[in-house]
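Here's a quick briefing for anyone meeting this protein for the first time. Have a look at the structure, then read on for a tour by topic.

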Amino acid sequence: MNRRGAASGPLPARGGAAPQWALRRGCAPGEPGVAGAGGASPQDDPPGDVPQEMVLELVAAATMAPSRHNSQPWRFRFDPASQTIGLYADPERMLRVSDPAGRGLHIACGAALFNLRLAAAVAGRHPVVRLTPDAGQPLLIAAVRLAGPCQPQQQEIELHATMAARHTNRSPFSPRPVPPGVRAELAEAAQIEGAVLHFPDRQEASRLLQLAQDAERDLLADPAYRAELARWAGGARDREGLPDEVAGPRDPERATPVRDFTPARPQPAGYAWFEEEPQLAVLSTLCDDKEDWLRAGQAMQRAWLTATLRGVAVAPLTQPLETADAWQVRDPRSGIEYPQMILRLGYGLPVPHAPRRPVSEVLDNPRPDN
């Protein structure tokens, strides 16, 4: 995929001007926390050595991010000389059937990057980010330099506090609508990170749900996809993937707005009646290259943490984006945008969290021996 000549930059809010960018001093407009703004600032002062405990805490925060099938496709490396944490893609955890281009991998790593940025700010370090900083290292997704001291903003503190509570909820939601004020907050959260979040009306949501149903049918017809799914979902899992208790039930009467993670089983793990009219949101970017996917991941995570803060449950619905017909997800009434994620929103009962690998498995060198 390519940019097809589209102009770069942040997307304006539909029907109005963009809100003020929530940026720290020294950040470039449209790229919160990213190096390259020009000019010195207090955040560029020599910060001193980062304690090992802080590095471990920051990486632990990053690993709380969501990823497709909970594959956790990331690794981290700390360079004491530059006080930089490198975020790397882990090709061994790439979903080569459902995500051959690596879009989902980059979105997941973008979400981890946002968590890392947020945790650094709350820890009092200004995160200076460079996306895909070295063409000679294609697996290096981003570099986060822990620069001079900073004072965390109240919103950052609040979002950071929800990080451990955020999770995917694949249970049925109540018919209670997400209030317009909360939707506006989620849209602004996405826009701060250079993306746009649309809330389709009833007719468009129905079309997207049908696309998801059709896409899942096509995916399940592929034995390679079913084998990939079996690697990551079902059974008892304590470090990665989706154990039975988080995979979600099936609706006995209508199409379930949740992926079928265990299609090989004669019967699902459970049944439940889902909401008749799921509330959806579509996250899009103006362009469609790897950096845009990373921005989409950061936007998704900021919006998801904001939803968690407001008591709104979230579940991704990405099947249509995993096929050759992904372009159909775009609302024909919208402008030139590239859909990156479909989110189902609502209010549901508490569900278990998916497991995570320990930091020791994803951090290559927390501190040199000397």
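## The big picture

Among contacts between residues at least 6 apart in sequence, 77% join residues at least 24 apart. Keep in mind that this is a predicted model. The secondary structure comes to 8 helices and 8 strands, and buried residues make up 53% of the 370 residues.

**Where α2 meets α8**

- Start with helix α2 (residues 103-122) and helix α8 (residues 290-309), whose axes come within 7 Å and cross at roughly 55 degrees.
- The two helices, α2 and α8, are therefore oblique to each other, and their crossing is right-handed.
- On the α2 side, the residues that meet α8 include R103, H106, I107, F114 and L118. Among their partners on the α8 side are K290, W293, L294, M300 and L305.
- Sort the residues of the α2 and α8 contact by class and you get 11 nonpolar, 6 polar and 4 charged.

**Where α4 meets α8**

- Helix α8 also packs with helix α4 (residues 180-192), at an angle of about 150 degrees and with the axes 7 Å apart.
- An angle over 145 degrees counts as roughly antiparallel, so that is the label for α4 and α8.
- The crossing of α4 and α8 is right-handed.
- From α4, the contact is made by E185, L186, A189, A190 and I192, and from α8 by A299, R302, A303, T306 and A307.
- By class, the contact of α4 with α8 has 7 nonpolar, 1 polar and 2 charged residues.

**Where α1 meets α2**

- Helix α2 has a contact with α1 as well: the axes of α1 and α2 come within 7 Å and cross at roughly 140 degrees.
- That angle makes α1 oblique to α2, and the crossing of α1 and α2 is right-handed.
- Here L58, V59, A61 and A62 in α1 meet A112, N115, L116, A119 and A120 in α2.
- No charged residues take part in the contact of α1 with α2, which has 8 nonpolar residues and 1 polar one.

**The nonpolar cores**

- The largest nonpolar core has 60 residues, and those with the most contacts inside it are L58, W74, F76, L283 and L345.
- Helix α2 supplies the largest share of this core, at 12 residues.
- Take F76 for a closer look: leaving out residues up to four places away in sequence, F76 touches V59, A62, T63, I85, G86, L87, V362, L363 and D364.
- There's also a second, separate core of 11 residues, which includes A205, L208, L317 and A326.

- Most residues other than glycine have a negative phi.
- H69 is not a glycine, yet its phi is positive, at about 60 degrees. You'll find H69 in the loop between α1 (52-62) and β1 (74-79).
- Q72 isn't a glycine either, and its phi is positive too, at about 50 degrees. Q72 also lies in the loop between α1 and β1.
- Are these two buried or exposed? H69 counts as buried at 4% relative accessibility, and Q72 counts as buried at 0%.

**Loop residues that reach across the sequence**

- P320 has its place in the loop between β7 (313-316) and β8 (338-346). With a relative accessible area of 3%, P320 is buried.
- How many residues apart in sequence are P320 and A212? They are 108 residues apart, but 5.1 Å apart in space, C-alpha to C-alpha.
- Leaving aside neighbours within four places in sequence, P320 is in contact with L208, L211, A212, A215, D325, A326, V329 and I342. Of these, L208 and A326 are among the residues of the second core.
- Y271 sits in the loop between α7 (244-247) and β6 (279-285).
- Y271 and G248 are 23 residues apart in sequence and 8.7 Å apart in space, C-alpha to C-alpha.
- If you set aside residues up to four places away in sequence, Y271 touches P249, R250 and P252.

Definitions and conventions. Residues numbered from 1 in each chain as written. Predicted model: local features only at pLDDT ≥ 70, side-chain atom pairs only at ≥ 80, totals over all residues. Heavy atoms only, no water. Axes fitted to C-alpha atoms, helices over the stretch in contact; angles between N-to-C directions. Helix = DSSP H or I, 4+ residues; strand = E, 2+ residues; numbered from the N terminus. Parallel < 35°, antiparallel > 145°, perpendicular 65-115°, else oblique. Left-handed = near helix turned anticlockwise from the far one by under 90°. Contact = heavy atoms within 4.5 Å. Nonpolar A, V, L, I, M, F, W, Y, C, P; charged D, E, K, R; others polar. Core = buried A, V, L, I, M, F, W, Y, C linked by side-chain atoms within 4.5 Å. Buried < 20%, exposed > 50% of the residue type's maximum accessible area, 1.4 Å probe, protein only.
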